[in-house]
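Dear colleague,

Please find below the structure that I am handing over to you.

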Amino acid sequence: MAELGNPKNTIEILQKYQFHFSKKYGQNFLIDTRVLDKIIRAADITKEDYVLEIGPGIGTLTQYLAEAAKQVIAVEIDNKLIPILQDTLSAYDNVTILHEDILKVDLNQLVQQRCEGKSLKVVANLPYYITTPIIMGLFENHVPIQSITVMVQKEVADRMQTGPGSKDYGALSLAIQYYAEPYIVANVPPNCFMPRPNVGSAVIRLTLHEKPPVEVIDEKLMFDCIRASFNQRRKTLINGLNNSPDIHISKQLITEAVENLQKGTSIRGEALTLEEFAKLSNYIAERRMQE
Ligand code: SAM
């Protein structure tokens, strides 16, 4: 099978199957072998590794992964791509193609059934419309993962690395800090894809922490507080938490927890660090345990 990482072979396959790109699935296929090599190197794949690829497209990155890994599980939503993948990956006996929506797959079960108890390396050129739910889902469901090496929008890669004081700071930045160490591997211009996206892209590697950098009594509570704060960025932290439909905490307890931070009661959530969100939610969790 011809190597897909160049435009000529990709066009041939697209024509053979009369494939039309689907915007709703965020289809921008990689057509640059140097970028593909960089992704594989950054993901540090060996013949011991089980790899999950999200959105294999026509199988371009999958071919590189199959060469490097022990097993590759590739989850693709678009039924028109399944026969193409069966063709382009026919030379590999270590690839499993699953025709599923990644947001609906029980990945913990998948790892148990197919990975001999080993944790996964996730590698993908992600569909940009669902980058955040995919990454948050991997973290919050505690899927056993060593690292996540993914192509994302440049702007999202920046958001993943930023702290208080930046307009890009948000729930995603805090989740990344809590669960992983981010590293931007490369910036990737639109001409490395077919069709060209109208935004810049970047490859980012997230290496999961063995232990989070802060101690949190109730992770769900902390992330509920974080989301509530950033859903209403312009409000004070007290009002943001108090107005949230997802948090059921009395205004008095919220006020006490905010006072305990010693940053004033008019502070906004967007000014808080991860340590401060941990302190805030731990205060609430401890008080609840005393009740
Ligand atoms: N990996 C290929 C490449 O690099 O050339 C394609 C990457 S393309 C940016 C994103 C891929 O994700 C597409 O193949 C698209 O159909 C697939 N996709 C979109 N939404 C998905 C979902 N919810 N679950 C699984 N795959 C999805």
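A polar contact, as the term is used here, is a pair of N or O atoms within 3.5 Å. Please also bear in mind that the model is predicted.

I begin with the ligand. Asn125 contributes through its side chain, where a polar atom lies 2.9 Å from an oxygen atom of the ligand. Around the ligand there are 23 residues, and those that come nearest are Leu30, Gly55, Glu76, Asp101 and Tyr129.

One cavity of 30 Å³ or more is present in the structure, and the volume of the largest cavity is about 330 Å³. Its lining consists of 27 residues, with Gly55, Pro56, Gly57, Glu76 and Asn125 lying nearest the centre. Two or more lining residues come from each of strand 1 (29-30), strand 2 (50-54), helix 3 (60-68) and strand 3 (71-76). By class, the lining of this cavity comprises 15 nonpolar, eight polar and four charged residues.

The largest pocket holds about 270 Å³. It is lined by 14 residues, of which Lys23, Gly26, Asn28, Pro197 and Asn198 are closest to its centre. Six nonpolar, six polar and two charged residues make up this lining.

As to the fold, strand 3 pairs with strand 4 (residues 95-99) in the parallel sense, over five bridges. Within this pairing, Ile73 has Thr96 of strand 4 as its bridge partner. Together with helix 4 (residues 82-88), strand 3 and strand 4 form a right-handed β-α-β unit.

Two features of the backbone remain. Which form does the peptide bond from Met194 to Pro195 take, cis or trans? The bond is cis, with omega near -15°, and Pro195 is placed in the loop between strand 8 (193-194) and strand 9 (201-208). His142, a residue other than glycine, has a positive phi near 50°. His142 is found in the loop between helix 6 (131-140) and strand 6 (145-153).

With kind regards

Note on methods. Residues numbered from 1 in each chain as written. Predicted model: local features only at pLDDT ≥ 70, side-chain atom pairs only at ≥ 80, totals over all residues. Heavy atoms only, no water. 1 Å grid on protein atoms, 1.4 Å probe; cavity = no way out; pocket = protein on both sides within 12 Å on 5 of 7 lines; lining within 4 Å. Points joined across faces, edges and corners; volume = space filled by probe spheres on them. Helix = DSSP H or I, 4+ residues; strand = E, 2+ residues; numbered from the N terminus. Nonpolar A, V, L, I, M, F, W, Y, C, P; charged D, E, K, R; others polar. Pairing = 2+ DSSP bridges. Right-handed = clockwise from strand over helix to strand, strands pointing away. Near = heavy atom within 4 Å. Polar contact = N/O pair within 3.5 Å; in protein donor to acceptor, adjacent residues only side chain to side chain.
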